[in-house]
Amino acid sequence: MTDALLQVDDLRVTFAVGGRQVRAVDGVSFTVSPGATLAIIGESGSGKTVSCRAVMGLLPTGTAVGGSARLRGTELIGLSDAELRRHRGSDMAMVFQDPARSLNPTMRIGLQITEAITTHRKVSKREAQTQAIELLRLVRMPAAERRFHEYPHQLSGGMRQRVMIAIALACRPKVLFADEATTALDVTTQAQIMELLLDLQQELDMALIMISHDLGLAASYADEVIVMYAGKIVEQAPAAGLFGAGGAVRMRYTRALLDAIPHLERSAHTQLPVVSGRPPDPTALPPGCSFAPRCQYAEDDCLAKMPALTEHVPGHRWACWHPCENGGAA
Amino acid sequence: MVAPLPDITLASPHPPPLPSLVNARRLRTQRLGRALRLWVPAGVLILLLAICFLLPLVVTLPSSTKGDIIVNNEPPFSPGHILGTDVQGVDIFSKLVYGGQVAFEVGISVTLIGIAIGGTLGVIAAYFGGWVDAVISRLFDILIAFPALVLALVIAEGLGPSEMHVIWALSVFGIPAVGRVARGATLTIRGLPFMTAARLAGTRRWRVITRHVVPNIMPNIVTFSLLGLGIIIILEGALDFLGWGIPPPKPSWGNMIANGQQILSVQPEYVLIPSIALLITVASLNMLGDALRERWGTQ
Amino acid sequence: MALVQQTQLQQAEPGARDRARRVAGSPALRMVGRRLLAAIPVLIGVSLLTFTVMSALPNTTAQAILGLNASPAAVAALNHTLGLDQPFWQRYWHWLVNVLHGNLGTSVQGQNVNHELALHVPTTLGLLLYALVASVVLAIIVATLAARKPNGIADRISLAVSMLGLSIAPYAFAFLLIIVFAVKLGWFPVLSGAVTGPASFFKNLTLPAASIGFGLFAIYTRILRADMVEQMQREDYIVTAKAKGVAPWRVLIKHALRNSMFTLITIIGLNLGGLVGAAAIIETIFQVQGIGNDLLTGINNHDVPLVEGITLFFALITVLGSLLADIAYAVLDPRIRYGSSTS
């Protein structure tokens, strides 16, 4: 196995909300190899965004982060902000969900890109400008030189997201986090941006970590998939091991997510099997499996004891007392 | 004297904290702080009002207008004169108390007139829109453009100084000030879904205004008025200082300062005492306004 | 003329047509134009209000000119000459026409009001500018330091000081400054002397400017600080900046402060009205030879033309100030200047 690019071990993030402690992320571990694509799937509140922000060091001060996250061997957890800043934006970068709000409305986009460059490299203004225009071309922005001088509100949503990607790629990061990067875009643009990200990933030999609630996205583009629920990983496997022919989804939650995707092949006028209920309140997690209250197949042992994430099949881990058999038939 | 900002109200220095990152102990300290910030200024104001309005009813204070030349320039804590006497022998504490009465009377009157007239106009302008809004807004603009102090001075000069004239003159400024806030707040409310729901349900316009609009803009109006009250009191003091406010020998904080001006270098306390009274009053009003804004979360 | 322009444009190359359309149709220009138009009724209204208020007062100009011993007949005659016995609208019209020609009349003292103003306006403007610039600069510095660590020491101090600035009456503060800096320390004169050059400017106008500026500083600091803290805590582009690895001070200044300047400009414009009133009192206290002082003297002397002229001037400044703030906003905010998507 090649040296892991990013190795996360037992990551824990705790907030103090209203006087109480909340475990937003509870023992998350994963490994990302160079050039690989990992998808982290979950509902809002599952901890997927918080985990990645913890690695980047973008959580508000006062949040307790425990565990380990090693980027090319360098331990990130516990570093001071000044030290972490050296990696942020250069070795690892992030693209966010809403490009309309994620770009400073009163700053020309060219300046926002060059800022990413000059923060980490000592180059002249002219040189930074040239690099920035190159980056805009790289993300397939039409009329790159003209766009350099424009403001965010003069661009469409898809173009703004390209700018965000350009900013993220400014220093050729080895890891790119895409936090719901396509969620705020229309479907056509979504596909374009995803294609762009994958092409760039190949060109720059970059690892891509996609955070999303869209299982379909994971199925289409990821090498490996992690499903999170209530701060924990509940299923983890290569994409091939989960979807498509020969794939077998085990954990009941993942199965439920898959079933909730509408297919053309469904017979008309049948009820869409959405997952009932809502994600649990992180301050009041039930004992036992966190998903049990919403699970159709829950039994007594599910409610009593928390299943551990175990590698039952090589390369495929899940945490469920009564997982699906035969790819989810029953 | 720098005008409060009708459209962009002063942001509270204590916006509601983001819902995270406070442990239990810090939370308790924060709650305590918030309570103090509300009740300390409120308490001070109640105390001031009590001293100015209730105390004279209970205790006989020495005259605030006539004094005995023999006992002039007494220092504070002299027998019979807690804060001493001024150049003409008039008791300073009494002057402070009765001057305070004037300050509050004028301030509260102007504020109430402002809310009644300005608030109504502002709500009407925002609710009905169109040319009604255009006319009322222009009216507000014109009144606000007119320097408040100058107007008050001119009125006082023409009609003679008196408390009523001061109230009228300052109302010219108070009405558009409150009006703009009321208008802004109503505009915000008007766009909210529950307003559309009320209209769709067939509620009469008048009921919509009284039942829905007014209760929702009251927090904005109240917090703004507290701030405005402070400004009015300062303006009133300015008028008195220039001699065009409350006519002497009736006492007022402004003319106490003016009288003390002559002997500023030797006996600064004649200027300092009424200045401090002003400061405490206005600061309490401001802090109370802040605390209420914090509690009600208005913008 | 519009037709000629159009045909000319049609023959020009596409680039030029594009550019011309962009300039003429620029949202910023249109907004400025609209604001100017909206300001006109306000100016007219203000002039009318000024005149009405002045007329409502017993007009003792003639009396004042001739002195107390003048006979009623002489006063009446002078009244007639001055046109003071004409009906309201006629007088207003004459006055307005005069004003638009730049003639503000003759004061009771017999001097041309224009002349009076011209002598003293620079001093007042200098004082106001001094107060404004100093308070803005200090406010930016203090607010930035405060916003860096909300609820930290710098923040708490700034909040306390600005509360003080908001609550203290400028005239009271003026006396405090006089006691400390003029009487006890002797750094500045108690009464302002003539301003002849930079040295005398600062020597004479610092205490007056500080009296006016403290209140301004308080307002600006509070608003700036609140705006910046709000941005740092709630805006997504701040997270993006941090994700780039930008250091905290740079994020604060290059991103948050930059955007807060817009709010600041609006506040400055809105506040000019109150500024003018404060200037009048402060000038009196320090005996600064400005038009604020003249106004108060004029009121004491029942000098209606002078008071009219100065009041109108003050009102004009207020309206123009508001207008300027709007224009500055339109010019600087790229969202307004460049309009929407040009893709």
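Guide: Let's begin where strand β4 (residues 64–71) of chain A pairs with β5(A), antiparallel and over two bridges. Strands here are DSSP runs of E with at least two residues, helices are runs of H or I with at least four, and both are numbered from the N terminus; two strands pair if DSSP finds at least two bridges between them. Within this pairing, Arg70(A) has Glu75(A) in β5(A) as its bridge partner.

A word on the source: this is a predicted model, in which local features need pLDDT of at least 70 and side-chain atom pairs count only at pLDDT 80 or more, while totals for chains, interfaces and linings use all residues. Residues are numbered from 1 along each chain as its sequence is written, chains are lettered from A and ligands numbered from 1 in the order in which they are written, and side-chain values use heavy atoms, with hydrogens and water left out.

Now step back to the whole sheet. It is open and antiparallel, with four strands of chain A in the order β2-β1-β4-β5. Because β2 (20–32) and β5 (74–75) of chain A stand at the edges with a single partner strand each, one side of each has no neighbour in the sheet. Helix α1 (residues 48–56) of chain A packs on this sheet and touches β1 (6–17), β2 and β4 of chain A. The direction of this helix makes about 105° with that of β1(A) (axes are lines fitted to C-alpha atoms, for helices over the stretch in contact, and angles run from 0 to 180 degrees between N-to-C directions).

Elsewhere in chain A the pairing is parallel. Strand β7 (residues 175–179) is joined to β8(A) by five bridges, and Leu176(A) stands opposite Leu208(A).

Strand β8 (residues 207–212) of chain A is mostly covered, with six of its six residues buried (buried is under 20% relative accessible area, exposed over 50%, partly exposed in between, with a 1.4 Å probe and protein chains only). In a regular strand the side chains alternate between the two faces of the sheet. In β8(A), Ala207(A), Ile209(A) and Ile211(A) point one way, and Leu208(A), Met210(A) and Ser212(A) the other.

Ser102(A) is buried, at a relative accessible area of 3%. Beyond residues up to four places away in sequence, Ser102(A) touches Phe96(A), Met164(A), Asp236(C), Tyr237(C) and Thr240(C) (contact means heavy atoms within 4.5 Å).

Chain C itself has 15 helices and zero strands, and 48% of its 343 residues count as buried. As for confidence, the mean pLDDT of chain C is 80 (pLDDT is the predictor's confidence in each residue, from 0 to 100). Over residues 1–17 of chain C the pLDDT is below 50, and this stretch has three contacts in the model beyond near neighbours in sequence. The model scores ipTM 0.87 and pTM 0.86.
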